[in-house]
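Subject: Structure handover

Hello,

Here is the structure I promised to pass on. Please open it beside this note, and then read on for what turned up.

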Amino acid sequence: MKKVMRVDEVAYFLGVKRETVWGYVRDKRLGAKKIGRSYYIYPEQMEKFLEFWRPDLLHLYKEN
C-alpha cells in the first residue's frame, strides 16, 4: 500500500524543487488535497501524474 506524500516528499522523489511541485499542483497536473495548512498527494494522484508526465519514474514509484 502506497502512502500519502507531502509536497517536499514528492519533490525529492521527482528530483525537482518544491516550487516546481507547487507549479504542478497549481496547473492541475498533480492533484493535491489541502488538510489544515498542508497539502497532500494521494497515491492515485501520484500514479496518474507519473503515467502521463514521468513514465520513466512510474516503475520506481510502484516498487516502493
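In what order do the three strands of the open sheet lie? The order is E1-E3-E2, and the pairing is antiparallel. Keep in mind that this is a predicted model.

**The sheet**

Start at the edges. Strand E1 (5-6) and strand E2 (33-35) are the edge strands, and each pairs on one side only. E1 and E3 run antiparallel and are joined by two bridges. Here Arg6 stands opposite Tyr40 in E3.

On the other pairing, E2 meets strand E3 (residues 38-41) in the antiparallel sense, over three bridges. Lys34 has Tyr39 of E3 as its bridge partner. Ile35 stands opposite Ser38 in E3. The hairpin of E2 and E3 has two residues between the strands. Gly36 takes a positive phi there, near 70 degrees.

**Helix H1**

Next, look at helix H1 (residues 7-14). Its buried residues are Val7, Val10, Ala11 and Leu14. Where do they sit around the helix axis? They fall within an arc of 100 degrees when seen down the axis of H1, so they line one face of the helix.

Gly15 follows H1. Its phi is positive, near 75 degrees.

**Lys17 and helix H2**

Lys17 is in the loop between H1 and H2. Is this residue buried or exposed? Lys17 counts as exposed because its relative accessibility is 61%, and the cut-off for exposed is over 50%. Lys17 and Val7 are ten residues apart in sequence. In space they are 9.7 Å apart, C-alpha to C-alpha.

Now H2 itself. Val21, Gly23, Tyr24 and Val25 are buried in this helix. H1 and H3 are among the elements that cover the buried residues of H2.

**Lys28**

What stands out in its backbone? Phi of Lys28 is near 65 degrees, a positive value in a residue other than glycine. For background, most residues other than glycine have a negative phi. Lys28 is also exposed, with a relative accessible area of 73%.

**H3 against H4**

Last, the pair of helices H3 and H4. How do their axes meet? The axes come within 6 Å and cross at roughly 145 degrees. The crossing is left-handed.

Which residues make the contact? From H3 come Pro43, Met46, Glu47, Leu50, Glu51, Phe52 and Trp53. From H4 come Pro55, Leu57, Leu58, Tyr61 and Lys62. By class, the contact of H3 with H4 has nine nonpolar and three charged residues, and no polar ones.

**To recap**

The open sheet has the order E1-E3-E2. Lys17 and Lys28 are exposed. H3 and H4 cross in the left-handed sense.

Over to you.

Best wishes

Definitions and conventions. Residues numbered from 1 in each chain as written. Predicted model: local features only at pLDDT ≥ 70, side-chain atom pairs only at ≥ 80, totals over all residues. Heavy atoms only, no water. Pairing = 2+ DSSP bridges. Helix = DSSP H or I, 4+ residues; strand = E, 2+ residues; numbered from the N terminus. Buried < 20%, exposed > 50% of the residue type's maximum accessible area, 1.4 Å probe, protein only. Arc of directions from axis to C-beta. Axes fitted to C-alpha atoms, helices over the stretch in contact; angles between N-to-C directions. Left-handed = near helix turned anticlockwise from the far one by under 90°. Contact = heavy atoms within 4.5 Å. Nonpolar A, V, L, I, M, F, W, Y, C, P; charged D, E, K, R; others polar.
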